[in-house]
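Me: I'm new to this one and would like to walk through it slowly. Could you show it to me before we start?

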Amino acid sequence: WAETLRIPATTPPLDAGIAEEAYLSAVMLKVHEDRTFPGAVVASLSVPWGNSSDSPGGYHLVWTRDAVEAGFGLLAVGQREDAERLLAYLASTQRPDGHWYQNFYPDGRPFWGGVQLDEAGFPILLAAKLLEEGSLTVNRTRDMVRRAAEYIASSGPGTPQDRWEENAGDSPFTLAVEVAALVAAAGILGGQDAGYALSLADYWNERIEEWCYVSDTQLARDLGVPGHYIRIAPPGGRGVPERVELQNRAGKTPAADELIGLEFMALARFGLRRADDPRILDSLKIADAVLRLDTPSGPLYHRYRGDGYGEHEDGRPFDGSGVGRAWPLLTGERGHLALASGEDPAPYLATMLRTAGRCGLLPEQAWDAAPMPDRGLFPGKPSGGAMPLLWAHAEYLQLLAGRELGRPLQLLRAVKDRYGGQRPAATTWHWRVDASFEALRRGRALLIEDRLPFVLHYGFDGWQDVRDREARSQGLGMFGVRVAADELASRQEINFTRRYGERWEGRDRRIGLVEE
């Protein structure tokens, strides 16, 4: 197997240790695959802070997100068969409704039962990448992709948990994965499903800034920028900063517009926004001010402002609370933004390499405070978190491969061609109860939709010209009534309610028509 590895070219020349670490990282991906259930790749063979506590699961579980990141890492070193086997395993563990458990044992038994919509989207991205490279046929992936896309379409855009498994709401990272996955699914499914997937992807993509970008905050004023992306907007708070409860920090609830993370960088990595978009650059300025810290290993980043997942200030192991430490994989994500900007990401690879432990294993977190030799904690070197963290090794390989390709490995051709890094103007806006809006821009069609069939009872301008229309299948398991832009052109508002069989919704609703 090792003889078949294709380590990405390191030209212009890089430090010899870069290639050596790539070989080791590839081996790490391989040895984390279960032998009883081929394709099952666990997050780590270590347990974070295992010297002080343990768990029946630890990190010895499959996280779909981490597994797919490993799949892309395997592709980075030419191991298509391994990536195909991983995808086949995920297809076998997919739930009937299309999602995956938050994490699970290699035999498929669930451990934690949360739902993270990026974990529903990532397998679609891997399938599409394998199809792009001619490694799969559509017939081998269509059923898995359809079920996953149906789950995203019916459950999004807000996620019950973000990628850090802590908060619900609208996250730029999750939205980027959802949108890219819907575009990728359209190319695999075709027909009515494809049309609906693209329409929904365009709509969610257009509204990312309305949901996850804030202006004139204290942070923005302090750093002289107009605004910035936030880590997550709480459910129901689209466009209105609310408070977010921090996990691992005794229930602290900072305002959402103060909760800065690096999630916005995924918008460039997956092709939804240009890396030089002013909003991306302004958000990076904020992130560098509040999340970046310089260590002897190089610049490292915290997950988000106020993170509590890490050792206590005195170096005691995390025990349900603590202080979030720096994550080397986030330096890799920063390197991907540099790559998308046309920069050489070599400095970020070098920094990741320097955070490795004595055997070259990449850690989950690196210590970011004064040295504590008695606890084995040194700035820029592994903390007591998981080591190796498979996601970090996969990120390292993807960044090295991206340097050779000149673009992020996860950037799909279909997404690049559709958006080119530009925010779209969706022709149709999708209204549903859990993703509603009160104003529609003129020139757009309106699709009132639900997971169940219904009859739309509607009129205009204070219930004038009342009529009924039966919802029809739209694709991806959704039903809806489409009101064309021409039908809305001379109106000031649309009024509506719905009937499900013999049961009325019991609420009148209104959407105003506004100018672009």
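This is a predicted model: local features need pLDDT of at least 70, side-chain atom pairs count only at pLDDT 80 or more; totals for chains, interfaces and linings use all residues.

Me: OK, so at what angle do H5 and H6 pack, and how far apart are their axes?

Reply: Helix H5, which covers residues 142-155, packs with H6 at an angle of about 140 degrees, and their axes are 10 Å apart. Angles over 145 count as roughly antiparallel and 65 to 115 as roughly perpendicular, with the range between them falling under oblique, and H5 and H6 are therefore oblique to each other. The crossing of H5 and H6 is left-handed.

Me: Which residues make that contact?

Reply: On the H5 side they are Arg 142, Val 145, Arg 146, Ala 149 and Ile 152, while H6 brings Glu 178, Ala 181, Leu 182, Ala 185, Ile 188 and Leu 189. Sorted by class, the contact of H5 with H6 holds eight nonpolar and three charged residues, with no polar ones.

Me: What sits in the loop between H5 and H6?

Reply: Pro 157 has its place in that loop, and the peptide bond leading from Gly 156 to Pro 157 is cis, with omega near 5 degrees. Most residues other than glycine have a negative phi, and most peptide bonds are trans. A cis peptide bond also joins Thr 11 and Pro 12, where omega is about -5 degrees, and Pro 12 is placed in the segment before H1.

Me: Since you mention H1, how do H1 and H13 cross?

Reply: Helix H1 (residues 16-31) and helix H13 (residues 346-354) have axes that come within 10 Å and cross at roughly 65 degrees, and H1 and H13 are therefore roughly perpendicular to each other. Their crossing is left-handed. In this contact Gly 17, Ile 18 and Glu 21 of H1 meet Leu 349, Ala 350 and Leu 353 of H13, and by class there are four nonpolar, one polar and one charged residues.

Me: Which residues of H13 are buried, and what covers them?

Reply: In H13 the residues Ala 346, Tyr 348, Leu 349, Thr 351 and Met 352 are buried. The elements covering the buried residues of H13 include H1, strand E4 (298-302), H12 and helix H14 (390-405).

Me: H12 is new to me, so is Leu 330 in that helix buried or exposed?

Reply: Leu 330 is found in helix H12, which spans residues 328-340, and because its relative accessibility is 0%, Leu 330 counts as buried. Apart from residues up to four places away in sequence, Leu 330 touches Arg 163, Trp 164, Leu 262, Tyr 301, His 302 and Arg 303. One of these, Tyr 301, is 29 residues away from Leu 330 in sequence but 6.0 Å away in space, C-alpha to C-alpha.

Me: And Ile 280, what does that one touch?

Reply: Ile 280 lies in helix H11, residues 278-290, and counts as buried because it has 0% relative accessibility. Leaving out neighbours within four places in sequence, Ile 280 is in contact with Tyr 229, Phe 264, Leu 267, Arg 273, Arg 274, Ala 275 and Leu 337. Ala 255, for its part, is 25 residues from Ile 280 in sequence and 21 Å from it in space, C-alpha to C-alpha.

Me: Switching to the core, how many residues are in the largest nonpolar one?

Reply: It has 156 residues, of which Ile 124, Leu 125, Phe 270 and Leu 446 touch the most other members. Helix H6, residues 172-189, supplies the largest share of this core, with 14 residues.

Me: What does Leu 446 touch?

Reply: Not counting residues up to four places away in sequence, the partners of Leu 446 include Thr 428, Trp 429, Trp 431, Phe 437 and Leu 440, along with Val 481, Arg 482, Val 483, Leu 488, Ile 494 and Ile 511.

Notes: Residues are numbered from 1 along each chain as its sequence is written. Side-chain values use heavy atoms; hydrogens and water are left out. A nonpolar core is a set of buried Ala, Val, Leu, Ile, Met, Phe, Trp, Tyr and Cys residues joined through side-chain atoms within 4.5 Å. Buried means under 20% relative accessible area, exposed over 50%, partly exposed in between (1.4 Å probe, protein chains only). Helices (H or I, at least four residues) and strands (E, at least two) are DSSP runs, numbered from the N terminus. Contact means heavy atoms within 4.5 Å. Axes are lines fitted to C-alpha atoms, for helices over the stretch in contact, and angles run from 0 to 180 degrees between N-to-C directions. Angles under 35 degrees count as roughly parallel, over 145 as roughly antiparallel, 65 to 115 as roughly perpendicular and the rest as oblique. A crossing is left-handed if the near helix is turned anticlockwise from the far one by less than a right angle, and right-handed if clockwise. Ala, Val, Leu, Ile, Met, Phe, Trp, Tyr, Cys and Pro count as nonpolar, Asp, Glu, Lys and Arg as charged, and the others, Gly among them, as polar.
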